[in-house]
Structure formats: C-alpha cells, structure tokens
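I opened a new page for this structure and wrote down what I looked up as I went. Have the model in view and follow along with me.

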Amino acid sequence: FQSLFSSAPTIEEILLNGMTIHLRHELGEGTNLGYMARQAATLAEQPATGWSMMRRPLRVNAVRCSGADMKIRSNVTPGVPLSLRIEAFELKDVGEGRPVSAAKLTSIILKSILMEAVTLKGLFRPLMDLIRDEVQ
C-alpha cells in the first residue's frame with residue numbers, strides 16, 4: 001500500500017475526460033505539444049534541487065483518455081483549421097514498474113496524445129471511415 005506520504009505514492013488511474021486540445025504547428029519549430037513534452041522531459045532529467053512536485057516520484061498504473069477533440073492550426077496553411085477526434089486510448093504500467101516524476105509523466109502523456117493523433121485511430125480515421133463507406 002502506497003500513501004501520499006510514501007516516497008513514491010501509487011496512482012491507480014488518471015482519467016483524461018472531455019478534452020479539447022489546441023495543437024499549433026510552426027514550420028521549422030514543430031508543435032506546441034511537442035515543445036511542452038520536450039520541456040517536461042528535460043525537467044525530469046535535471047538533478048533535483050530541493051523538494052519539487054514535478055520531480056516527486058509516482059507509480060501510475062494506468063492513464064486513460066476517453067477521447068479528445070483536437071483543433072489543429074499551422075502557419076503552413078494559415079486560415080485553414082483542421083479538426084479531428086482522437087479515439088479513446090489507455091496507457092498501462094506507466095514507467096514500466098518504476099516510479100516516474102510528474103514531469104516525466106507529463107512528457108509521456110503529451111507524446112502519447114501526439115502519437116494517437118497521427119495513428120490510424122487519429123488523423124487517418126476520417127479517411128478510413130470515408131473509404132469504408134464507399135466500399136459498403
């Protein structure tokens with residue numbers, strides 16, 4: 001049993017519910033979510049100085065996202081917003097059995113959201129639905 005006062009408290013599940021994500025892409029710079037994920041990963045790798053919630057180790061058994069709406073804008077196609085639905089996904093055993101800092105957890109979640117957005121369940125899902133409709 002791990003409590004909030006233990007050296008690495010256990011969180012059974014983090015639920016991401018009803019999210020709208022605003023993804024901004026800048027040519028040559030990448031995305032805002034990618035930038036935040038890199039910043040969090042960098043923070044997680046720095047040596048801890050003093051007590052910090054972002055560096056406190058946590059055991060996270062699961063992160064579940066019930067799905068999210070993503071609004072995408074880019075300076076490559078100004079004025080042409082794109083919207084897509086990220087399907088529900090789950091991350092199990094975050095940290096692979098080892099405690100992770102809140103900063104590392106943030107990085108893992110943001111990278112997972114980006115990956116879900118570009119997989120067949122995300123970005124290509126509307127196209128798959130259109131093709132499926134034409135075949136049936």
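**Entry 1: a serine.** I began with Ser74, which is buried at a relative accessible area of 13%; buried means under 20% relative accessible area, exposed over 50%, and partly exposed in between, with a 1.4 Å probe and protein chains only. Ser74 sits in strand β6; helices (H or I, at least four residues) and strands (E, at least two) are DSSP runs, numbered from the N terminus. Not counting residues up to four places away in sequence, I found Ser74 touching Arg24 and His25, where contact means heavy atoms within 4.5 Å. The side chains of Ser74 and His25 are also joined by a polar contact of 2.9 Å (a pair of N or O atoms within 3.5 Å; within protein, one must be able to donate a hydrogen and the other to accept it, and residues adjacent in sequence count only if both atoms are side-chain atoms).

**Entry 2: ground rules.** I noted that this is a predicted model, where local features need pLDDT of at least 70 and side-chain atom pairs count only at pLDDT 80 or more, while totals for chains, interfaces and linings use all residues. Residues are numbered from 1 along each chain as its sequence is written, and side-chain values use heavy atoms, with hydrogens and water left out.

**Entry 3: salt bridges.** How many salt bridges does the structure hold? I found three, each a side-chain nitrogen of Lys or Arg within 4 Å of a carboxyl oxygen of Asp or Glu.

- Glu13 pairs with Arg64, with the closest N and O atoms 2.7 Å apart. Glu13 is in the loop between β1 (10-11) and β2 and Arg64 is in strand β5, so the pair ties together parts 51 residues apart in sequence.
- Glu26 meets Arg24 at 2.7 Å, N to O. Arg24 is partly exposed, at 32%.
- Asp69 pairs with Arg85 at 3.3 Å between the closest N and O atoms. This pair links strand β6 to strand β7, 16 residues apart.

**Entry 4: the core.** The largest nonpolar core has 27 residues, a core being a set of buried Ala, Val, Leu, Ile, Met, Phe, Trp, Tyr and Cys residues joined through side-chain atoms within 4.5 Å. Helix α2 gives the most to this core, with seven residues. Among the residues with the most contacts inside the core are Ile21 and Ile113. Leaving aside neighbours within four places in sequence, Ile21 is in contact with several residues, including Leu33, Met70 and Ile113.
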